[in-house]
Amino acid sequence: MTEVRPTAGASASLWERDEEVAAVARAVDRLCEDRSSSGGLLVFRGEAGLGKTALLAETRRIAEARGCTVWSARGGETLRSVPFYVVRQLLQPALVSMLPEEAREYLGDWYDIAGPALGIADPGDRQADPQGVCDGLVAAVRRLSRREWPLVLLIDDAHWADQETLHWLSGLAERLDEMSVLVVVTRRPGEVSGASARHLDTVAAAADGPVTTLSALTPDATAGLTRDTLGEHADAAFCREVWAVTAGNPYETVELLAKVRDSELQPVEAGAGELRELNRSARGGGLVARLEELGIDATRFAWAAAILGTGISIDLVAKLATLRPDDARRCAELLRTARILTAPDPATGRTGEGDLEFVHPLIATDVYNSIPDALRTAMHGIAARIVTDEGHGAAAAARHLLEVHPDDDEELVGQLREAAREHLAVGAPDAARRCLERALEEPPRPEVHAHVLYELGCATLLTVPARTMGHLRTALGMPGLNGDDRVDAVVRLSQALVHNDQLEEAVRMVDSEAARLEPGPARMRLEAVRIMWEGIHAGEVVSPGRSERLAELARTCTGRDNSERALLILRGFDALMRGENAEEVVELCDRALVNGRLAPGLGWTGSEWGIELLLMLANAYAFTDRIDRAESLFNEAVRTYEIAGWTGGHLALAHAYVGVAHRRRGRLEDAEQSLREALPLAERVGRGLPLYWTVTCNLVDTPLARGHVDEACDVAERYGFAPPYPSTIVLPDPRVVRGRLLLAVGRTKDCVNELEAAGKAAAARGHHNPVLVPWAADLARALATEDPARAARLAVDVRRQAERFGTNTAIGEALRCAAALETGQRAVRLAAQAVAYLESSPCQYEHAAARIEYGIAARSAADLDRGLDLAVSCGADGLAKRARAALKAGAGPG
């Protein structure tokens with residue numbers, strides 16, 4: 001077989017890598033075609049020593065030869081607990097090279113969100129949203145790719161990357177078509193599990209073609225490499241033994257051949273027997289023996305370097321190994337000569353990290369594992385102190401503190417709590433969790449133990465609600481958590497229970513805690529939270545007298561503090577759902593504001609109350625025909641979350657309800673756009689959750705209103721819009737929307753069943769608002785032919801409830817329903833009344849529909865044309881088409 005040699009100047013580890021190198025060259029060529037080229041992603045997988053790092057070095061050589069900017073980073077086995085470690089390696093140098101003002105201007109709104117994670121900006125004083133930080137880091141790459149085009153990013157040993165980096169990498173991989181950047185990733189198979197494995201799977205799925213798995217060298221390639229290193233006189237038997245000893249592993253082959261050369265062993269069959277012993281000295285016990293031969297100082301130096309893992313400067317290692325500077329420099333030279341440490345290769349782009357790095361990650365692992373357990377633990381403790389003394393902060397020292405044995409150290413608990421706060425501020429809740437869990441092992445002093453558990457529960461609330469419940473329950477069962485902290489813990493535990501679909505337990509727990517307190521703001525807050533959870537529960541069981549108790553509590557509220565304001569909002573929303581007078585609903589909501597705005601501490605990012613309360617407030621305005629106020633609140637939510645970098649469920653809900661406001665206003669195309677923006681965010685949070693239902697329900701209802709029945713059916717099928725329904729209230733009611741969809745496709749019987757179920761559920765909870773839960777009006781239309789008498793009774797009930805509620809929209813819609821069941825002049829009269837009310841309503845779609853129906857009933861071409869024009873302006877082009885089709889069929893004016 002012909003020997004396959006690497007290209008001139010390439011690493012010896014590139015033997016038999018022609019296909020992989022060709023793939024890299026093609027990807028670089030595509031990137032360099034022009035600035036509009038879409039991004040690319042290559043993933044190479046292989047066991048340790050198969051040449052992944054060498055392949056990335058060749059990628060750098062090819063890319064730089066084409067004029068590309070190349071940045072690189074590498075994961076580290078002992079550094080996986082350091083959040084954003086790898087992405088910082090990758091992007092930080094370019095941003096640090098800018099002036100602070102330039103970096104801020106360049107990253108724009110993303111500076112304050114992604115900057116702290118990258119270490120170029122101070123973190124804020126509140127918990128950052130992990131998804132927002134991830135999106136900010138993706139945006140940073142997008143902007144940098146425009147500045148640095150053509151840009152190539154190299155990530156080595158991705159299996160050892162921190163979880164936060166892998167989260168970013170998976171998000172980047174899915175959005176590479178939006179930017180002109182080539183990403184090349186190498187990893188070992190296996191090695192990771194859980195969220196990190198899922199992120200790497202996402203990266204693999206987004207790659208350009210299947211993931212390439214590197215193979216070992218063939219005997220012929222090993223022979224070629226042997227002769228290339230030792231000379232053409234290396235005989236076949238010797239070359240064959242080299243392959244047998246190393247199993248064709250390129251790294252082990254290169255190291256073995258270097259030792260053969262250093263030992264001056266002749267590459268002939270007679271010397272082949274010594275190859276196995278030489279090979280053993282390269283790894284594991286053999287490496288330890290080599291270290292011992294270099295002396296105790298060199299061994300301590302190597303151990304200290306392995307403990308540090310990154311930023312291996314001779315001065316820092318000297319401090320950790322307690323060596324004098326001259327001795328440290330001598331040890332460094334010994335270890336370089338022994339091919340254990342080396343100066344950072346300029347080709348990696350990581351020259352700013354320190355003076356030294358390990359020749360290969362395998363050596364770093366072996367050296368680290370060779371440190372006696374007790375000594376390794378002690379050295380991590382010393383390293384933590386050195387890092388802290390050098391002013392790098394608690395978060396930087398945390399990875400060492402995590403390795404120290406528990407010893408009832410009060411100071412260590414404080415450091416870990418501070419590190420957790422720093423991690424939360426940059427969007428790394430998992431890193432915060434690890435710090436706090438380790439703090440509990442110390443253990444904390446009795447007076448702070450409950451506080452550590454509380455902080456741990458807060459850190460895990462958004463990531464693992466089930467674990468949060470255990471931490472907070474334990475904290476509440478211990479002494480030490482009192483006052484506002486205890487109330488906060490109760491509220492957060494109730495939130496975790498609600499997120500875990502245990503709403504009834506959340507209500508019982510809050511109720512029990514409130515009963516322990518004396519009357520005052522704390523007790524009122526808990527009562528408000530209990531009422532809030534009851535208010536969003538969609539089940540048919542509601543505590544007796546709930547609305548009456550709420551009305552009594554709210555009657556004495558003046559809005560002097562946020563607990564009273566919360567009760568006013570809850571009372572307003574309850575009155576809205578029950579269909580009480582709309583003016584009274586608005587008056588209650590207005591009393592909850594301060595000069596027409598949200599009170600301090602009651603904002604969209606506030607942690608005291610959560611998003612649910614403010615959504616109740618905004619929806620109360622939306623469905624009482626004060627849509628301008630609702631739009632202002634929903635748009636404020638979007639702006640607030642975008643500025644804060646919250647791109648998870650909160651932003652998705654905000655976009656969804658902006659869509660609801662557009663739908664109420666009659667801007668159907670705008671509504672659909674907002675809902676589609678919310679959909680990927682909702683899917684990211686999780687299918688089947690209340691947020692997801694809110695988005696999909698509105699995304700079915702809006703095309704239906706536009707007259708796009710096929711599109712509505714497609715959305716319903718694609719996103720699983722079908723029973724079982726969520727345990728929390730969704731607006732509009734999912735059963736009603738599904739009933740409308742079934743009626744639109746001619747499944748009248750199924751429609752009737754769905755709407756009757758909606759009516760039963762609404763009645764059980766006392767929800768009689770004909771705008772929020774319009775089951776009766778839709779059911780009346782569905783029964784118009786089959787059971788006209790029942791349809792007429794339903795229409796009468798709808799009109800009575802609408803007049804009680806009192807908005808123009810409610811009354812106009814009730815009159816539309818009544819007109820649809822009549823004929824002749826009575827139908828014309830009712831349709832005219834509907835137009836009169838809806839003309840004064842902000843809901844332009846309903847006005848358009850009423851105007852069309854009146855034009856047809858009265859045979860008024862002017863009213864019909866006006867209605868059709870209004871429908872088209874609302875985006876209801878399908879409704880207009882159906883009306884015109886009905887006219888052509890003879891149903892229109894003469």
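**Close-up views of a predicted model**

Residues are numbered from 1 along each chain as its sequence is written, and side-chain values use heavy atoms, with hydrogens and water left out.

**View 1. Strand 4 (residues 181-187) is largely enclosed by the rest of the structure.** Helices (H or I, at least four residues) and strands (E, at least two) are DSSP runs, numbered from the N terminus. Why is strand 4 described as largely enclosed? Seven of its seven residues are buried. Buried means under 20% relative accessible area, exposed means over 50%, and partly exposed lies in between (1.4 Å probe, protein chains only). In a regular strand the side chains alternate between the two faces of the sheet. Val181, Val183, Val185 and Arg187 point one way from strand 4. Leu182, Val184 and Thr186 point the other way.

**View 2. Strand 4 pairs with strand 1 and with strand 3.** Two strands pair if DSSP finds at least two bridges between them. Strand 1 (residues 40-45) runs parallel to strand 4 over six bridges. Here Arg45 stands opposite Arg187 of strand 4. Strand 3 (residues 151-156) also pairs with strand 4 in the parallel sense, over five bridges. Leu153 has Val183 of strand 4 as its bridge partner. How does the chain get from strand 3 to strand 4? It passes through helix 7 (residues 163-174), in a right-handed β-α-β crossover. Right-handed means that, with the strands pointing away from the viewer, the path from the first strand over the helix to the second runs clockwise.

**View 3. Arg399 sits in helix 19 (residues 394-401).** Is Arg399 buried or exposed? Its relative accessibility is 9%, so Arg399 counts as buried. Contact means heavy atoms within 4.5 Å. Not counting residues up to four places away in sequence, Arg399 touches Thr78, Leu79, Ser81, Val82, Ile307, Leu308 and Gly309. A polar atom of the Arg399 side chain lies 3.3 Å from the backbone oxygen of Ile307. Ala431 is 32 residues from Arg399 in sequence, and their C-alpha atoms are 9.4 Å apart.

**View 4. Arg663 belongs to helix 32 (residues 649-665).** With a relative accessible area of 10%, Arg663 is buried. Leaving aside neighbours within four places in sequence, its contacts include Leu668, Ala671, Asp701 and Thr702. Ala705, Tyr845 and Glu846 are also in contact with Arg663.

**View 5. Two cis peptide bonds are shown here, Pro723 to Pro724 and Leu731 to Pro732.** Omega is about 5 degrees for the bond between Pro723 and Pro724. For Leu731 to Pro732, omega is near -5 degrees. Pro724 lies in the loop between helix 35 (709-718) and helix 36 (734-744). Pro732 lies in the loop between helix 35 and helix 36.

**View 6. Phe84 and Glu16 have positive phi values.** Phe84 is not a glycine, and its phi is near 65 degrees. Phe84 is in the loop between strand 2 (69-74) and helix 3 (85-96). At 3% relative accessibility, Phe84 counts as buried. Glu16, also not a glycine, has a phi of about 60 degrees. Glu16 is in the segment before helix 1 (18-32).

Definitions and conventions: Predicted model: local features only at pLDDT ≥ 70, side-chain atom pairs only at ≥ 80, totals over all residues. Polar contact = N/O pair within 3.5 Å; in protein donor to acceptor, adjacent residues only side chain to side chain.
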